[in-house]
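Thanks for coming. I will go through one structure this morning, starting with a term we need and then moving along the chains.

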Amino acid sequence: MSYIELATALVFVVIPLALTLVLRLGLERDIVIATVRSITQLLIIGYILTFVFESDSPIFMLLMILLMIGAATQNIIKKGDGIPGITWMIVLTLVTIETLTMGLMLGLGIIPFEPEKVIPISGMVIGNSMVLSLLFLNKFKDEVERSDDVIELILSLGGTPKVAIDRSLKNAIRTSMIPTVEAQKTMGLVQLPGMMSGLIIGGADPMEAVLYQLLILFLILTTASISATLVGYLAYPRLFNEKMQYIGLTYRKGE
Amino acid sequence: MSIIEFKDVSHQDILHHVSGTFREGRITTFVGPSGAGKTTCLKHINGLLSPDTGTILFKGEDIAEMDILELRKKIGMAFQSAPMIQGTVYDNLNLPKAIFDETLDRDRAAELLHHVDLSEALLDHPVKSLSGGERSRVAIARTFVNKPDVLLLDEITASLDYRTVKEIERLIRKLQQSYGVTVIWITHDLDQARRVSDDMWFLKDGELLAYGDASFIDESDDPVVQRFVRGED
């Protein structure tokens, strides 16, 4: 695809822009900003990836992965306000997931140690982990605020903090994993997954694209379960003090 | 004989140098205007909160030195909202056992329901279907699973109709007599406090202004107590 063809593709931005103007939805500014940002960000990342792939250096590969973890952490911690120490919990979760999945894939010889494979797959693992962590934190905070009377009840009966929060924690883990599991059930029937479509459009053999997509699906299932579980089990003790008293979410003044 | 003693207890800006005792086997009510620190005081008794300064003694022992989980098993608490877990009445009665991976015998569960004047046929009913009065009774029955020495009640009749309120009052008196349990009861209703109390604690702005035999509330010379009794505070 050439830059001229890309410019032609902007017709797909003009249509929603026209709609928002006609219907006075007030979204025109956001659509323009989103378009400019996506073009800029993707072109920059395209040039960076070209440089990293051509350099074939593990250091640049590692830097790219650290950059992804940093950006994902920045995105998630906003949802974690009220839980002290959420930043290091998220970093630890993302590093653990990336190390575990990449270690297994490279160790078992599922993918070769090449930037063209490691970086895009890491992006998908970290990105999916970010979405799952966001979903989990959203649901967990909601559960905790809704069930604080049950949490105190169980503590008052002599239960430990872990027992007191067990229901809220598992509900939040379950709920945040449901979209991933449900999406996988209809995969290929309702829509062709993004990675597979990309490979086919790029000229890859459809069966090879399917095999890679299946790998990604299995990875996403792992990242979904580990992200929610790890963030949950790291975060819940921060809602109690050392005297097994419930302190709940602790928002800083002004939040 | 005192079962619980507060010694110069302060907590944040809520309680200020509270010192007083609760007598064993009696019903003591906490009375006082809203925001007096009554619930905060109650939560200190079973260790859901801790004092910043001062000590609380349970049977002569500093609760800060006790195993907090064991203490909580000895001091049952029923909350204003009668919180329930999803499931049946039995699931809720079983909760104090389930949290230790134990199971409450169904006969014992039925007996507990009888103690609070409910039919054992309710055991398999979902808690969602209970009326406010039934819910309060189940919450009270649940506190007796651990056979507590002390029962803490936080405004348990606040949202109930007058007839149910009177039934719960009679029930608490009956349970207190048959189990010999010490009851500490927060109520915003001074008439209720007069009906059920052996002793009273009068709190205002986090300070314990008077405590002792419940008769003091109507005999006090203290203008603050008198104003509260007249409903002016």
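Let me start with a cut-off: a residue is called buried under 20% relative accessible area, exposed over 50%, and partly exposed in between. K139(A) has a relative accessible area of 21%, so this residue is partly exposed. Please keep in mind that this is a predicted model.

A word on confidence, then. Chain A has an average pLDDT of 90, and 97% of its residues score at least 70. Within chain A, the highest confidence is in helix α7, residues 148–156, at 95. The lowest is in α9(A), where the mean is 80.

Which residue does its side chain meet in a salt bridge? The partner is E143(A), with 3.7 Å from N to O. Both residues belong to helix α6 of chain A, residues 115–146, and because they are four residues apart there, about one helical turn separates them. E143(A) has a relative accessibility of 5%, so E143(A) counts as buried.

E143(A) also forms a salt bridge with R146(A), this one at 3.1 Å, N to O. That pair lies in α6(A) too, three residues apart, again about one turn of the helix. Is R146(A) buried or exposed? R146(A) is exposed, because its relative accessibility is 54%. E143(A), then, pairs with K139(A) on one hand and with R146(A) on the other.

Over all chains, the salt bridges number 24. In chain B, one of them joins D205(B) to K204(B), with the closest N and O atoms 3.3 Å apart. K204(B) is buried at a relative accessible area of 17%, while D205(B) is exposed at 51% relative accessibility. Chain B also has a network in which salt bridges with shared partners link R23(B), R26(B), D199(B) and D213(B).

Next, helix packing. Two packed helices are described by the angle between their axes and the distance between the axes. Helix α4 of chain A, residues 58–77, packs with α6(A) at about 15 degrees, and the two axes are 10 Å apart. Angles under 35 degrees count as roughly parallel, so α4(A) and α6(A) are roughly parallel to each other. Their crossing is right-handed. On the α4(A) side, the residues in this contact include M61(A), M64(A), I65(A) and M68(A). On the α6(A) side they include V118(A), I119(A), I126(A) and M130(A).

The second pair is α7(A) with helix α8 of chain A, residues 161–185. How do these two run relative to each other? The axes come within 8 Å and cross at roughly 150 degrees. That makes α7(A) roughly antiparallel to α8(A). The crossing of α7(A) and α8(A) is right-handed. From α7(A), the residues in contact are I151(A), I154(A) and L155(A). They meet residues of α8(A), among them P161(A), V163(A), A164(A) and I165(A).

Now α9(A), the helix with the lowest confidence in chain A. Its buried residues are M195(A), M196(A) and S197(A). Where do these residues pack? They pack against α6 and α10 of chain A. Just after α9(A), G203(A) has a positive phi of about 105 degrees.

G202(A) sits in the loop between α9, residues 194–201, and α10, residues 206–235, of chain A. G202(A) is exposed because its relative accessible area is 68%. From G202(A) to M61(A), which I named in the α4(A) contact, the distance is 23 Å, C-alpha to C-alpha. In sequence, G202(A) and M61(A) are 141 residues apart.

Last, a helix in chain B. The buried residues of α1(B) are K38(B), T40(B), C41(B), L42(B), K43(B), H44(B) and I45(B). Just after α1(B), G47(B) takes a positive phi of about 75 degrees.

That is where I will stop.

Definitions and conventions:
Residues are numbered from 1 along each chain as its sequence is written. Chains are lettered from A and ligands numbered from 1 in the order in which they are written. Side-chain values use heavy atoms; hydrogens and water are left out. Buried means under 20% relative accessible area, exposed over 50%, partly exposed in between (1.4 Å probe, protein chains only). pLDDT is the predictor's confidence in each residue, from 0 to 100. A salt bridge is a side-chain nitrogen of Lys or Arg within 4 Å of a carboxyl oxygen of Asp or Glu. Axes are lines fitted to C-alpha atoms, for helices over the stretch in contact, and angles run from 0 to 180 degrees between N-to-C directions. Angles under 35 degrees count as roughly parallel, over 145 as roughly antiparallel, 65 to 115 as roughly perpendicular and the rest as oblique. A crossing is left-handed if the near helix is turned anticlockwise from the far one by less than a right angle, and right-handed if clockwise. Contact means heavy atoms within 4.5 Å.
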